[in-house]
Amino acid sequence: MSESLIGRRAGLSALEKLKYQGDPLADAVIADLVAGGRTGVVNEVLAQFRDNDQPIPEDLPESVRRYLIDTDVPPGWVDLDRVAGTYEFFVDDGVHVASVLSFGAMVNCYAQPRPSRVLSLTHRLNQPHRRLSETSQFVLHLMGPDPFGSGGSFVPTIQKTRLIHAAVRYFITRSGEWDVEADGVPLCQQDMLGALLIFSVQVIDGMRRIGISVTEREAEDYYYVWRVTGAMLGIPAEAMPETLRAARELNAELVEATYGPSAEGIELTRNLLRLYEEMVPGKAFDGVVAAMVRQVVTEEVADWLEVPSSRGWRRAVGAGRG
């Protein structure tokens, strides 16, 4: 690490320092596996590791077993009864949560130039189906009746997600195409915190934007579940606001203030819209997908990412609010 970088980091705010912070637990595992040439074997074993109650496989490298043990339990401050109580919100509004995540949160993620560039460097610009599938599975496990407890499947999902992110960091930082001093660590903790705010604060805002009633208690509890998830993902607890009000303020400062157009974000959005349109037979309803996106994200974001605008479809979609 250069002396200039060390000096620069010393003068950064706590929030800015997150740009240079990865996930030490997961990063150490990936470094060990790559050094030993064992990534393929681990992938096969972890593919069968799906439930919270499932014993950790014995035939894993020691670094992987230790990581799975160390990341298996929610932080001590978690109120599991409060988490379980949020299941009723998911039962009533899970479809709306999923819709806003699909049509709004993913697009808002693409409005962030740095994370969008990470996706381009992993050659996943043309694989929106894979990212949609991974995000959907993650959220479905989150919305289970006891996501962090017995009978749930969310903990292994989080653990594997951290390893995937660590692998991306490992290979991008060694690709020669990423300047850590200028851009920070790819998929850094600041990026993770931003994604958490998009999937929590902005989903609630998006639901209300399309006319779905969400009480403040429901919104607070929904954010709380995501804060627990963030802790399990390795985001420093002190970086995550304790209240929804503070999270909204941080969302404006950290996430929305960084939104802007990028070639990668535009292409990611275009490919996502194309995927959704292919799910609907024929061409008659193609315009409805873009109209739904424009109902959930802001006009500015939609314009930056070149989401098509159709006055007729926007009126039709808007008429179905509530």
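This is a predicted model: local features need pLDDT of at least 70, side-chain atom pairs count only at pLDDT 80 or more; totals for chains, interfaces and linings use all residues.
**Entry 1: contacts of L193.** Setting aside neighbours within four places in sequence, I found L193 in contact with L15, L18, I235, A239, M240, L250 and L254. I then asked which members of the largest nonpolar core touch the most other members. They are L193 and L197, in a core of 72 residues. Helix α7, residues 87-110, gives the most to this core, with 11 residues. I also noted a second, separate core of 16 residues, with L33, V45, Y67 and A166 among them.

**Entry 2: the chain as a whole.** Of its 322 residues, 50% count as buried.

**Entry 3: Q112.** Where is Q112 placed? I found Q112 in the loop between α7 and α8, the latter being residues 113-121. Is Q112 buried or exposed? Its relative accessible area is 9%, under the 20% cut-off, so Q112 is buried. Leaving out neighbours within four places in sequence, I listed I198, V255, T258 and Y259 as the contacts of Q112.

**Entry 4: cysteines.** I searched the whole structure for disulfides and found zero. C109 counts as buried because its relative accessibility is 7%. C188 has a relative accessible area of 0%, so C188 is buried too.

**Entry 5: aromatic rings.** My search of the whole structure gave 10 aromatic pairs. One of them is F138 with F154, edge-to-face, at 5.0 Å centre to centre and 75 degrees between the planes. F138 lies in helix α9 (residues 128-142) and F154 in helix α10 (residues 154-173), so this pair ties together parts that are 16 residues apart in sequence. Both F138 and F154 are buried. I also looked at Y170 and F171: their ring centres are 5.1 Å apart with planes at 80 degrees, so this pair is edge-to-face. Y170 counts as buried, at 18% relative accessibility. I wrote down one aromatic cluster, formed by F138, F148, F154, F199 and W226.

**Entry 6: charges over rings.** Back at Y170, I found the charged end of R174 over the ring, 3.7 Å from its centre. I also found R82 over the face of Y224, at 4.3 Å from the ring centre.

Methods:
Residues are numbered from 1 along each chain as its sequence is written. Side-chain values use heavy atoms; hydrogens and water are left out. A disulfide is a pair of cysteine sulfur atoms within 2.5 Å. Buried means under 20% relative accessible area, exposed over 50%, partly exposed in between (1.4 Å probe, protein chains only). A nonpolar core is a set of buried Ala, Val, Leu, Ile, Met, Phe, Trp, Tyr and Cys residues joined through side-chain atoms within 4.5 Å. Helices (H or I, at least four residues) and strands (E, at least two) are DSSP runs, numbered from the N terminus. Contact means heavy atoms within 4.5 Å. Rings of Phe, Tyr and Trp (its six-membered ring) pair if their centres lie within 6.5 Å; planes under 30 degrees apart count as stacked, over 60 as edge-to-face and the rest as tilted. A charge sits over a ring if NZ of Lys or CZ of Arg is within 6 Å of the ring centre and within 35 degrees of the ring normal.
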